[in-house]
Amino acid sequence: MLVLRRSLFSEFLAVVAYPLTLYLAFGVGLKGYIADVEGLPYPVFIAPGLITMTAVNAAFDESAWSMWFHRRVQRTIEEYRVTPITVYDIVVGKILCGFSHGIIKGVVVTGVIFLFTPFRFTLLHLLIYLVFITLGSMIFSCLGTIVGTTINKPENIGRIQAVVIVPLIFMSGIFFPLSSYPAALVPVVKLLPTTAAFDGARQALLHGAFPPGYAANLVITATVVFVLAVAIFNRKMSE
Amino acid sequence: MVNGTNSAAAIAMHGITKLYGELRAVDDFSLDVASGTIFGLLGPNGAGKTTLIRILTTLLRPTSGAAFVEGRNVLTEGKEVRRLIGVVPQENNLDRYLTARENLILHARMHGMAPVDYNPRIDELFELIGLAGRQHDFPDTFSGGMQRRLVVARALVHNPRVLFLDEPTTGLDPQSRRAVWEYIASLKAKMTIFLTTHFMDEADVLCDRILIMDHGRALVDGTAAELKERFAHAHIYEVEFRRNADRYEAMLRNLPYVESAERSGNLFRLTLAGEEALKTLMDELGSADIRKICLREPSLEDVFIALTGRTVRD
């Protein structure tokens with residue numbers, strides 16, 4: 001957090017610029033060309049997804065790059081390992097660090113979108129939405145930790161983001177409704193944890209709904225990836 | 001001979017073996033290091049030095065054998081061992097996003113120290129390493145020697161009882177090396193120091209006891225003087241010629257009692273089979289072209305090379 005505080009302005013700009021640009025390009029630029037989606041104006045339809053995308057991307061980026069940098073470049077992980085803290089303390093700390101980045105940046109973008117766009121939501125909806133953004137950030141922080149632990153070449157982290165993370169996010173109905181998929185494919189897409197995070201977040205923020213299936217999916221996925229991240233890091237450290 | 005084990009030792013290893021697949025990095029290695037000693041572990045690249053340090057600092061589990069630091073088992077009491085040790089790794093693994101002082105504070109916090117304890121200790125260490133005026137700067141702005149001193153200071157924040165230094169002066173200029181030497185020597189009364197190095201002069205100056213290892217095994221163990229004494233029988237002579245060095249080189253390499261001949265310009269360093277070989281050699285060479293001939297006292301480097309060979313290791 002000390003390091004984040006030091007670079008607050010540049011972090012703020014970087015975090016806000018991407019979702020705001022997408023909002024302006026798709027939500028405002030294409031607004032006249034796209035009819036309402038599921039009864040909602042298109043900018044309103046995409047806004048929750050953009051916030052969630054910011055949060056989970058921030059969680060993944062922070063965990064993956066921080067873990068890789070501390071392990072491969074600064075080698076500070078080795079310094080931590082010769083102190084009385086345990087390998088578990090280190091990996092849980094890294095996961096929580098990525099998770100915190102996700103939550104903080106998600107909240108910042110929520111505030112900016114609230115301030116600079118006509119998108120509105122109630123406090124209750126926001127609180128339900130926080131459940132999804134929290135679980136989503138935890139999942140992506142754990143995934144980032146696994147990537148940062150196992151991958152040695154930095155370009156491969158970028159490749160994982162391009163080939164796995166971004167498609168998973170975009171397939172989850174961030175810019176289009178899930179009903180656009182062929183009917184046979186919809187149940188499969190709904191099983192994706194990213195769909196649970198993005199569609200669940202949208203339902204929470206826009207309608208105050210709490211889809212239990214999505215919530216259960218996220219809790220189970222978060223538990224599995226957390227255990228995996230800890231086990232993989234522990235194994236890597238004992239090599 | 002490697003010393004036997006001793007229950008009062010600061011560091012003890014019994015039959016440590018570490019395998020990496022087929023490679024035997026450490027092979028049935030045993031060692032005791034007495035408290036308050038500066039112990040130097042020497043060996044060429046790949047000899048197993050760093051593997052041993054990693055085992056002793058709980059970073060690596062041996063394939064077999066047992067190791068103890070201050071009586072604590074590194075395998076079963078890792079956390080306790082880490083409370084007692086300070087580690088200076090080969091690379092300066094400082095956090096470049098934290099200031100020099102913040103690096104030391106983070107280390108203190110990981111050791112569970114309270115600000116009331118670590119702040120005066122850190123002040124004292126910055127004075128000691130001569131970086132008090134730079135403590136709020138980032139390590140990236142420091143020279144290699146300053147970063148090295150900071151890494152050593154970081155390892156001392158929690159007052160360790162055993163300090164491990166893995167090649168502490170590699171990459172430093174001569175002035176910085178000497179500054180680190182003085183600093184290490186000043187710690188001697190307060191803790192046991194276990195260091196690995198490639199530099200024979202470093203081991204010679206600093207260490208109370210030196211062990212040379214290769215291929216994962218201990219080769220020889222003793223004080224610098226003892227090790228040199230063991231090789232005093234080596235009959236090493238330096239012969240310098242005025243002219244015709246090429247002709248003499250061919251001759252020297254064919255003499256059966258010349259065990260090795262190293263050439264540097266017109267100067268040859270010869271290892272003879274025995275003292276009596278000197279007279280025969282002089283008869284062969286004659287005196288016309290010889291500028292000088294002298295007996296050379298073996299250095300620690302001679303001992304090292306004699307034991308580990310000349311082949312360059314990766």
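Helices and strands here are DSSP runs, a helix having at least four residues and a strand at least two, and both are numbered from the N terminus. The model shown in every view is predicted.

**Figure 1. Overall view of chain B and its two domains.** Chain B contains eleven helices and 14 strands. Its C-alpha trace extends over about 75 × 45 × 35 Å along the principal axes. The chain is split into domain 1, residues 9–229, and domain 2, residues 232–297. A distance of 42 Å separates the C-alpha centres of domain 1 of chain B and domain 2 of chain B. Of the 314 residues in chain B, 52% are buried. When contacts in chain B between residues at least 6 apart in sequence are taken, 69% of them connect residues at least 24 apart.

Figure 2. Strand β10 of chain B covers residues 217–222 and includes B:D221. Is B:D221 buried or exposed? The relative accessible area of B:D221 is 4%, and the limit for a buried residue is under 20%, so B:D221 counts as buried. The side chain of B:D221 makes a polar contact of 2.7 Å with the side chain of B:R209.

Figure 3. B:T197 belongs to strand β8 of chain B, which runs over residues 192–197. With a relative accessibility of 1%, B:T197 is buried. Which residues touch B:T197 once its neighbours within four places in sequence are set aside? They are B:L41, B:L42, B:G43, B:K49, B:E167, B:E202 and B:A203. The side chain of B:T197 also comes to 2.9 Å from the backbone nitrogen of B:F199. B:Q90 is 107 residues away from B:T197 along the chain, and the C-alpha atoms of the two are 9.9 Å apart.

**Figure 4. Salt bridge between B:R161 and B:E70.** Over all chains the structure has 24 salt bridges. In one of them B:R161 pairs with B:E70, with 2.9 Å between the closest N and O atoms. B:R161 sits in the loop between α5 (144–156) and β7 (162–166) of chain B, and B:E70 sits in the loop between β4 (64–69) and β5 (72–73) of chain B, so the pair ties together parts 91 residues apart in sequence. B:R161 is partly exposed at a relative accessible area of 45%. B:E70 is also partly exposed, at 22%.

**Figure 5. Salt bridge between B:E240 and B:R291.** The side chains of B:E240 and B:R291 form a salt bridge with an N to O distance of 3.8 Å. B:E240 is in strand β11 (residues 236–241) of chain B and B:R291 is in strand β14 (residues 290–295) of chain B; the pair links distant parts of the chain, 51 residues apart. B:E240 has a relative accessible area of 23% and is partly exposed.

Figure 6. A salt bridge of 2.7 Å, N to O, joins the side chains of B:E249 and B:R263. Because B:E249 is in helix α9 (residues 245–254) of chain B and B:R263 is in strand β12 (residues 258–264) of chain B, the pair ties together parts that are 14 residues apart in sequence. B:R263 is partly exposed, with a relative accessibility of 32%. Which residues are joined into one network by salt bridges that share partners? The network consists of B:D246, B:E249, B:R253 and B:R263.

**Figure 7. Interface of chain B and chain A.** The contact involves 24 residues from chain B and 20 residues from chain A. About 2100 Å² is buried between chain B and chain A, with 56% of this area on carbon and sulfur atoms. How many salt bridges cross the interface of chain B and chain A? There are three salt bridges across it. One salt bridge is formed by A:R75 and B:E91, whose closest N and O atoms are 3.2 Å apart. Eleven residue pairs, both residues at pLDDT 80 or more, are in polar contact across the interface of chain B and chain A. On the side of chain B that touches chain A, the elements giving two or more residues are α2 (78–84) and α3 (100–110) of chain B. The largest share of this side, four residues, is supplied by α3(B). By class, the side of chain B that touches chain A comprises nine nonpolar, six polar and nine charged residues.

How values were computed
Residues numbered from 1 in each chain as written. Chains lettered and ligands numbered in written order. Predicted model: local features only at pLDDT ≥ 70, side-chain atom pairs only at ≥ 80, totals over all residues. Heavy atoms only, no water. Domains from an automatic or database assignment. Buried < 20%, exposed > 50% of the residue type's maximum accessible area, 1.4 Å probe, protein only. Polar contact = N/O pair within 3.5 Å; in protein donor to acceptor, adjacent residues only side chain to side chain. Contact = heavy atoms within 4.5 Å. Buried area = accessible area lost by both parts, 1.4 Å probe. Salt bridge = Lys/Arg side-chain N within 4 Å of Asp/Glu carboxyl O. Nonpolar A, V, L, I, M, F, W, Y, C, P; charged D, E, K, R; others polar.
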